[in-house]
Amino acid sequence: MDGRRIVKVRRLHHRRWVAEKLGPDAASRELEFTRKIFFLDAKNYHAWSHRQWVLQALGGWEDELDYCAQLLEEDVFNNSAWNQRYFVITKSPFLGGLKAMRDSEVDYAIEAIDANPENESPWRYLWLNDSRVHSACLRVLKAKRNFKFALSTLLDLLGLGFKPNQEIKDAITSLRTSDSGEAGSDSDLANSICSILAREDPMRANYWTWRSSKLPQAAEV
Amino acid sequence: MGELAGDKHVKYILSVEKKKDSFESVVMEHLRLNGAYWGLTTLDLLGKLDTVDSNEVVSWILQCQHESGGFGGNIGHDPHLLYTLSAVQVLALFDKLDVLDVNKVTDYIRALQNEDGSFSGDIWGEVDTRFSYCAICCLAILKRLDSINVEKAVRYIVSCKTLDGGFGCTPGAESHAGQIFCCVGALAITGSLHHIDKDLLGWWLCERQVKSGGLNGRPEKLADVCYSWWVLSSLIMIDRVHWIDKEKLIKFILDCQDTENGGISDRPNDAVDIFHTYFGVAGLSLLEYPGLKATDPAYALPVDVVNRIFFGRCST
């Protein structure tokens, strides 16, 4: 709520008031206006909010997914562009919605993850129930770098009942520093993950410790 | 680790209040009421509110009131919910809420609620969950929350929840720590925190802590002292503040001080301003830094002020 932001927002809102009077013809002009802002500041929060309003009130969806792809090519870490992708996928009248787009979007996110596994945004963009996600996690673990989100995603998957194969178990084991025996049951594996994460991400040690306390107990056979 | 240069910050704030022709004053002219809230609340947290002439401030605030009942950012400026909240908060600091015609202010605020439960900031109609917070916080302080449709207001806020458990300014908008504070605060005040997935949101919030120990407001953005308030107060309201490294955050905030001339900046070695001075001190208060009054995370006012509003004078 600082001064500069308030001033920008009032101007944006006045544009909205004018655009509403002009109707759908104003759509491309308003989209171009926000594009200019993003050229200087691709994460400008209120410009994104304005752009979303324009699309919903005035239209112009046709090129939006391509625009998101362009911005992500320029900066794959742009969380606003990832958010906009989700917005377009779910709301554009031209794309068929979440069900139709899910497959290609998982591919898109995984490509981003393979390039930069430390990138928070594509990990949050994933739908977990997909074998491509398991493979992506494995690739990141094997590289032994920037594996935090890969591990936390596996933790989420274990919580959903996912049964990891031996390759994934081995990859996790190889990241452990202490040799406290082979990871046997799933809860041992999950505990391993939590202790690796507490070691790798000490600022959030309390969070990872809490995660290990929340793990489902290994089923009694 | 450094120390909080409390006396220097007091001097800095008092000097900004007085220098009406300084660059900072001119730039802040249209939101002077917000500036008053930031400066005066900081003084109170540092135990130095009595260094200001309360009558002068109260009289100026009342001059900022529009005939509609709302408050503008300065004398003669158009009313807006943002300034109306600051006005009510500052009056609460001085225990001068009784100077208000509560009906007038209430009528101004409730007229800004829309059909879908959202709030516009002013008559021009911009909708944003920040304004939901302003309306709800303000009316709660005035004990007139029942004058709006709380259920619809809550429903609108919940519609602004994102996939990662956070909140944006409108439905579909990106999660942003400032918006999250507003939504969580509004839900807290209306007793509606059960709508939040606290574990999911808590994780998103604690992921805002970066290597330097500071907090950012969204993934891959720079740390900024103001998020010490918005992320921290949100974490406290959902009982997850132990998920961040408090010591590292304290160090980051202290590093953002200008220990010679007073004031706090957004990140180390930048220019200071009143806005970041408030959020830095308020953040330290939430982290229980010694020598500071406790702050209420939802109302963004000292706890003793909030207690006075809701429970009358306390003997503590």
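Start with A:R51, which forms a salt bridge with A:E64, the closest N and O atoms being 2.8 Å apart. A salt bridge here is a side-chain nitrogen of Lys or Arg within 4 Å of a carboxyl oxygen of Asp or Glu. A:R51 sits in helix α3 (residues 45–58) of chain A and A:E64 in helix α4 (residues 64–74) of chain A, so the pair ties together parts that are 13 residues apart in sequence. Helices are DSSP runs of H or I with at least four residues, numbered from the N terminus. Over all chains, the search finds 29 salt bridges.

A word on the source. This is a predicted model, where local features need pLDDT of at least 70 and side-chain atom pairs count only at pLDDT 80 or more, while totals for chains, interfaces and linings use all residues. Residues are numbered from 1 along each chain as its sequence is written, chains are lettered from A and ligands numbered from 1 in the order in which they are written, and side-chain values use heavy atoms, with hydrogens and water left out.

Now the interface. How many residues does each chain bring to the contact? Chain B gives 46 and chain A gives 35, with contact meaning heavy atoms within 4.5 Å. Together the two chains bury about 3,800 Å², 57% of it on carbon and sulfur atoms; buried area is the accessible area (1.4 Å probe) that two parts lose on being put together, summed over both. In chain B, the residues that lose the most area to chain A are B:E174, B:W203 and B:W243, together 18% of what that side buries.

The rule finds three salt bridges across this interface. The side chains of B:E207 and A:K148 meet in a salt bridge at 2.8 Å, N to O. On the chain B side, α3 (32–45), α5 (81–93), α9 and α10 (198–206) each supply at least two residues. Of these, α10(B) gives the most, with four residues.

Last, a helix pair within chain B. The axes of α9 (residues 177–189) and α11 (residues 226–237) come within 9 Å and cross at roughly 35 degrees. Axes are lines fitted to C-alpha atoms, for helices over the stretch in contact, and angles run from 0 to 180 degrees between N-to-C directions. Among the residues making the contact are B:F181 and B:V184 of α9(B), and B:W229 and B:W230 of α11(B).
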